[in-house]
Amino acid sequence: MEAAITILALLLVAFIALGVYATVKAVGVAKRGVDRTITQARRTVEDTTLRAKSFGQTGVAGELAQLRLALRTSMRATQDALHAGVAEDSSLAESVGLFRRLSAHGLELDEELKRLEREPDRATVAGLLPQLRERTERITHSADSLRWAARDRARQFADDDLDALNAQIDIEAGALRHWTVEERPGTSQGPEAGATRGRDAGVDWPEPATGGGNSSTAEESWGGPAREEAPQAITAPDPHLRTKYPWQKAPRPETTN
């Protein structure tokens, strides 16, 4: 009895622990989903704001917005391309590592550009613009090089696979078009062989009708329904048309009073 109670208590504790673990995991997944959604929404709003500033403002503010927008667009596109490619090509792992190091410089530059947007001394910021533009171009150029190299590599692999597939399809198509009729042992290749092959295949053609046969014979030779004869009448025969014999008496006429 005590052993059964102990087992039930252990099972209850195990179920409670499993429920707590599942709850924690579900909360973690939901939290990560919410954080990801908030991050994407914040990024979308910030990109929209930068795009509006780059087109709507002139001078130093518009230049800083254009630099930030170009930097963020290039880095995000490269990140998506590398993460999508490394799942199919493990050789891109080194490129992903290089991009992480480049991302550190890109984030640092983005934060600096963001601080300079709030800087009231526009003259000092204008003097820093050539240097900031050069740093942005160097980072975006490196990111673009990684992205296009990964895309060219994936495209080359796809072209090679397509070429190999086309070659196999051409070989198979040629084999399908190269048909030959092999002679079976003990059979001839004359007209009688065709008839024999037809009978071997389970086809038994009827002999064609000769002479001036009727239409019912023709229908039967092609497997069509034969025309049935008209059924005999089932009504009683007319007594006036009945066959008369010599020993039969003539019917007596009816008398009327």
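Tutor: Before we look at this predicted model, keep one definition in mind: an axis is a line fitted to C-alpha atoms, for helices over the stretch in contact, and the angle between two axes runs from 0 to 180 degrees between N-to-C directions.

Student: Why is H2 called roughly antiparallel to H3?

Tutor: Helix H2, residues 60-86, packs against helix H3, residues 93-117, at an angle of about 160°, and their axes are 10 Å apart. Angles over 145 degrees count as roughly antiparallel, and therefore H2 is roughly antiparallel to H3. H2 passes H3 in a left-handed crossing, and the residues of this contact divide into 14 nonpolar, five polar and five charged.

Student: How do you know whether H2 and H4 are roughly parallel or roughly antiparallel?

Tutor: The axes of H2 and helix H4, residues 122-177, come within 9 Å and cross at roughly 20°. Since angles under 35 degrees count as roughly parallel, H2 and H4 are therefore described as roughly parallel to each other. The crossing of H2 with H4 is left-handed, and by class the contact has 17 nonpolar, four polar and six charged residues.

Student: What makes Glu119 count as buried, exposed or partly exposed?

Tutor: Glu119 has its place in the loop between H3 and H4, and its relative accessibility is 31%. Buried means under 20% and exposed means over 50%, with partly exposed in between, so Glu119 counts as partly exposed. In the protein chain, buried residues make up 17% of the 257 residues.

Student: How far apart are Glu119 and Ala61, in sequence and in space?

Tutor: They are 58 residues apart in sequence, while from C-alpha to C-alpha the distance between Glu119 and Ala61 is 9.8 Å in space.

Student: What is the place of Arg151 relative to the ring of Trp148, and how do you know?

Tutor: Arg151 lies over the face of Trp148, at 5.1 Å from the ring centre.

Methods. Residues are numbered from 1 along each chain as its sequence is written. This is a predicted model: local features need pLDDT of at least 70, side-chain atom pairs count only at pLDDT 80 or more; totals for chains, interfaces and linings use all residues. Side-chain values use heavy atoms; hydrogens and water are left out. Helices (H or I, at least four residues) and strands (E, at least two) are DSSP runs, numbered from the N terminus. Angles under 35 degrees count as roughly parallel, over 145 as roughly antiparallel, 65 to 115 as roughly perpendicular and the rest as oblique. A crossing is left-handed if the near helix is turned anticlockwise from the far one by less than a right angle, and right-handed if clockwise. Ala, Val, Leu, Ile, Met, Phe, Trp, Tyr, Cys and Pro count as nonpolar, Asp, Glu, Lys and Arg as charged, and the others, Gly among them, as polar. A charge sits over a ring if NZ of Lys or CZ of Arg is within 6 Å of the ring centre and within 35 degrees of the ring normal. Buried means under 20% relative accessible area, exposed over 50%, partly exposed in between (1.4 Å probe, protein chains only).
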